[in-house]
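Please look through the sequence and the 3D structure shown below, and keep both at hand while reading the briefing that follows.

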Amino acid sequence: MADKDTTKNASYRDTLKSMDTEETFDLIFYRPIGYAWACLAKKLGITPNAITIASIFIGMGAGVMFYFNDIWLNIIGIVLLVWANSFDSADGQLARMTKQYSRVGRILDGVSSDLWFLAIYFAICFRTNATNNFFPNSPWLIWAIAITAGFFHGQQAAMADYYRNFHLYFLKGEEGSELDSSVQIKEKFSQLSWWSKHWFQKLVLFFYFNYTKSQERLTPAMQRLRKAMVQKWGNNVPSQAFRDAFRVKSLPMMKYTNMLSFNTRTFALFASLFLQMPWLYFAFELTVLNIMLIYMICCHERFCRRFTKELEDGKY
C-alpha cells in the first residue's frame, strides 16, 4: 500500500514544472485539482489542447458573468474562472504526464488566459458605463484605462513567463524549460510555407516571434548573458557551479513571477467585484503590479550583468 502511495505521489510530482517555480496556493489548490482533471482526461483520451480550448470558453463565460451588477451572478463568474484556471493547470500537467509537448500547444495555453481577461475587461467597461458611477460625462475614459491596463497586463504576464523559463533552464536544462529565442523562432517560421498545410502553425509563429522579441527588448542584460553563455558553452547546458550560482539569485524572483501571473490579480479582481467597484482592478494592475514588474526587471538585469562580467573574467 505504501509503495502504491509513493508511486502516486511521484507521478503527481512529475506533472509539476518544479518546486522552485510553483506558488503555494497553486500547490494547495489548483495543482491537485488539475492533476485529477489530467488523470481523467488521460483515461478518456482527451488531449491537452482540447482542455485548453474548453478553458477558453469557460473563462470567457466568467467574464460575461462579471458584467452584471449582481453579486450572485458575479460569484458564478468567480466559480467559472476558478474552473477555467483548474483546466489551465490540467492541460500542462496532462502534457507532462503523457509527453504531448508542442510549441503550438504552449502558445495556445498562453493565449487562453489572455482571452479570459479580454472578456473580463469588456465586462468591466460595459458594466462601469451602465451603472454610470465612474465619470458619467466621460464614458470613453474607462475604455482608455482598460486599454492601458491591458497593455501592461500583457507585459507583466510575458515577463513573468520569460523569467520563470530562464530559471527552469538553469534548474532542469533545456528539456525542462520552454525558453525560446526570436532567432530560433524566425528560422522555424522561414521553413514553413503559407501555401501548405502548415499555414496555421506559420501564423502562430508570426505572432509568437513578436511576443518573444518584446521579451528580449525588455531584457538587454539577460540577452548579453545568454550570448556569453553560448560563446563559452555553445548549445550545451552551463556548468553546474554556474547554474547553482544563478539559481541562488534567481530563486527570490520567482515569487514575483507568480504574483504577476494569475492568483494575485484574480484575488484583486474578486475583491473589486465584492466592493461593487470592478474598475479598481485596473488601478491595481496599473500601480501595484507594475511596481512589481519594474522591480523584478531591475533586479534580474542587475544580477545578469554581474554574471556576464564573471563569465568574461573567467570565473566559471
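## Briefing on the predicted model

With a relative accessibility of 43%, Gln276 counts as partly exposed, a term for values between the two limits of under 20% relative accessible area for buried and over 50% for exposed, worked out with a 1.4 Å probe on protein chains only. This is a predicted model, in which local features need pLDDT of at least 70 and side-chain atom pairs count only at pLDDT 80 or more, whereas totals for chains, interfaces and linings use all residues. Residues are numbered from 1 along each chain as its sequence is written, and side-chain values use heavy atoms, with hydrogens and water left out.

**Loops and places along the chain**

- Gln276 is placed in the loop between helix 12 (263-274) and helix 13, where helices (H or I, at least four residues) are DSSP runs numbered from the N terminus.
- Although Gln276 is not a glycine, it has a positive phi of about 60°.
- Thr21 lies in the loop between helix 1 (2-14) and helix 2 (24-44), and at 5% relative accessibility this residue counts as buried.
- Leaving aside neighbours within four places in sequence, Thr21 is in contact (heavy atoms within 4.5 Å) with Arg164, His167, Leu168, Met254 and Asn258.
- Gln240 has its place in helix 10 and is partly exposed, with a relative accessible area of 45%.
- Although Gln240 and Tyr316 are 76 residues apart along the chain, their C-alpha atoms are separated by 9.7 Å.

**Helix 9 and its two sides**

- The 14 residues of helix 9 (residues 220-233) should span 20 Å at 1.5 Å a residue, and the end C-alpha atoms are 20 Å apart, which agrees; the expected span is 1.5 Å times one less than the number of residues.
- The buried residues of helix 9 are Ala221, Met222, Leu225, Arg226, Ala228, Met229 and Trp233.
- Because these residues cover an arc of only 165° around the axis, they are on the same side of helix 9, the arc being that of the directions from the helix axis to the C-beta atoms.
- An α-helix has 3.6 residues a turn, so residues three or four places apart point the same way.
- On the other side of helix 9, Lys227 and Gln231 are exposed.
- The buried residues of helix 9 pack against helix 6 (140-172), helix 10 (240-250) and helix 13 (280-312).
- Gly234, which follows helix 9, has a positive phi near 65°.

**Helix 8**

- Lys202, Val204, Leu205, Tyr208, Thr212, Ser214, Gln215 and Glu216 are buried in helix 8.
- The partners against which the buried residues of helix 8 pack are helix 5 (103-131), helix 6, helix 7 (182-191) and helix 9.

**Nonpolar cores**

- A nonpolar core is a set of buried Ala, Val, Leu, Ile, Met, Phe, Trp, Tyr and Cys residues joined through side-chain atoms within 4.5 Å.
- The largest nonpolar core has 69 residues, and those with the most contacts inside it are Phe66, Leu81, Leu225, Phe242, Leu269 and Phe282.
- Helix 13 provides the largest share of this core, 13 residues.
- A second, separate core of six residues includes Ile107, Ile185, Leu192 and Leu205.

**Aromatic rings**

- Rings of Phe, Tyr and Trp (its six-membered ring) pair if their centres lie within 6.5 Å, and planes under 30 degrees apart count as stacked, over 60 as edge-to-face and the rest as tilted.
- By this rule the count comes to 36 aromatic pairs.
- Trp233 and Phe242 form a tilted pair, 5.3 Å centre to centre with 45° between the planes; Trp233 is buried at a relative accessible area of 17%, and Phe242 is buried at 0%.
- The rings of Tyr256 and Tyr295 have centres 5.4 Å apart and planes at 65°, so this pair is edge-to-face.
- Since Tyr256 lies in helix 11 (residues 254-259) and Tyr295 in helix 13, the pair ties together parts that are 39 residues apart in sequence.
- Tyr256 counts as buried at 17% relative accessibility, whereas Tyr295 counts as partly exposed at 44%.
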